[in-house]
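Student: Can we go through this model together? I'd like to start with the loops and then get to the packing.

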Amino acid sequence: MSGDYHLTFDVDWAPDWSVRETLDVLSTADVRATFFVTHASPTVAEVAAAGHEVGIHPNFQDGSTQGADPIGVVGRLLEIVPDARVMRTHGLIQGSLLLRDVLEAFPQITYDMSILTYRFPHTAWFGWKLRDSQMQRINYTWEDDVAFYDDEQNWGLHAPSSEVDILDFHPIHVSLNSADERNYERAKQVLGPRPLTELGRNEARALRGSGCGTADYLNAVLGSPGRAISFEELLCV
């Protein structure tokens, strides 16, 4: 295994301070990643200014705060990120007709990362087409909140599973150093009726895991012998 990797981050309504903490970690390592945006925030411009790819993270579930239907959801997100060309759906909700309708309405979305093949030993782009709608899709190989249920997950060591691993982190799990769902569930209890975007840094500090967790794994990946590749470099894989 070469150990090369591309980092992605699902913002998932994380507080601004949490996204900025993640940006600081990447800046220190001089690594470019892809961020999938869920809501309007000053950090959207900061992510772009730091040289990261900025995509959208549409929530197509019933009751989505992003819109009443898939076209409305994607349209609203593209008002926030007008130049977005890549998406990952929240909860990985997808379907041929759904994707066709979205791409017919918004052909600027030309790439997708909504297929998780956890620890699969191969990643590759492939063409997807239905009627006149088409895009390039690629699978990704790891996600923090899936690893919570992996008994073999070592939070202190990155062991590559593919020639190019594509890994997915959530800024809030990095800030909480989550190794399971408990810290996040405690955060929701602290928040009460408030949205996650309003979780304070000090509130999160009190809930941060003391053992090895997501933040440690991100640092392990960044400290591994493999090469971090940008989204532009990933397009050549």
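Tutor: Helices (H or I, at least four residues) and strands (E, at least two) are DSSP runs, numbered from the N terminus. This is a predicted model, where local features need pLDDT of at least 70 and side-chain atom pairs count only at pLDDT 80 or more, while totals for chains, interfaces and linings use all residues. Residues are numbered from 1 along each chain as its sequence is written, and side-chain values use heavy atoms, with hydrogens and water left out.

Student: Ok, where is Pro-107 found?

Tutor: Pro-107 sits in the loop between helix H4 (96–105) and strand E5 (111–116).

Student: Buried or exposed?

Tutor: Exposed, because its relative accessible area is 60%. The cut-offs are under 20% relative accessible area for buried, over 50% for exposed, and partly exposed in between (1.4 Å probe, protein chains only).

Student: What about phi of Asn-177?

Tutor: Also positive, near 50 degrees, and Asn-177 is a residue other than glycine. Its loop runs between H6 and helix H7 (182–191). Asn-177 counts as buried, because its relative accessibility is 5%.

Student: Switching to strands: what covers E2, or rather, which of its residues are buried?

Tutor: In strand E2 (residues 34–37), Thr-34 and Phe-36 are buried on one side and Phe-35 and Val-37 on the other, so both faces are covered.

Student: Which way do E1 and E2 run, parallel or antiparallel?

Tutor: Parallel, joined by three bridges; strands pair if DSSP finds at least two bridges between them. Asp-10 stands opposite Phe-36 in E2. The chain goes from E1 through H1 to E2 in a right-handed β-α-β crossover. Right-handed here means that, with the strands pointing away from the viewer, the path from the first strand over the helix to the second runs clockwise.

Student: What's E2 doing with E3?

Tutor: E2 and strand E3 (residues 53–56) pair in the parallel sense over four bridges, with Phe-35 opposite Val-54 in E3. E2, helix H2 (residues 42–49) and E3 form a right-handed β-α-β unit.

Student: Which side chain does Ser-41 make a polar contact with?

Tutor: That of Asp-16, at 2.5 Å. A polar contact is a pair of N or O atoms within 3.5 Å; within protein, one must be able to donate a hydrogen and the other to accept it, and residues adjacent in sequence count only if both atoms are side-chain atoms. Ser-41 is in the loop between E2 and H2.

Student: Last topic: how many residues does the largest nonpolar core have?

Tutor: It has 53, and those with the most contacts inside it include Leu-7, Phe-35 and Phe-169. H9 gives the most to this core, with five residues. A nonpolar core is a set of buried Ala, Val, Leu, Ile, Met, Phe, Trp, Tyr and Cys residues joined through side-chain atoms within 4.5 Å.

Student: How many residues of H9 are buried?

Tutor: Seven of the nine in helix H9 (residues 214–222), among them Tyr-217 and Leu-218.
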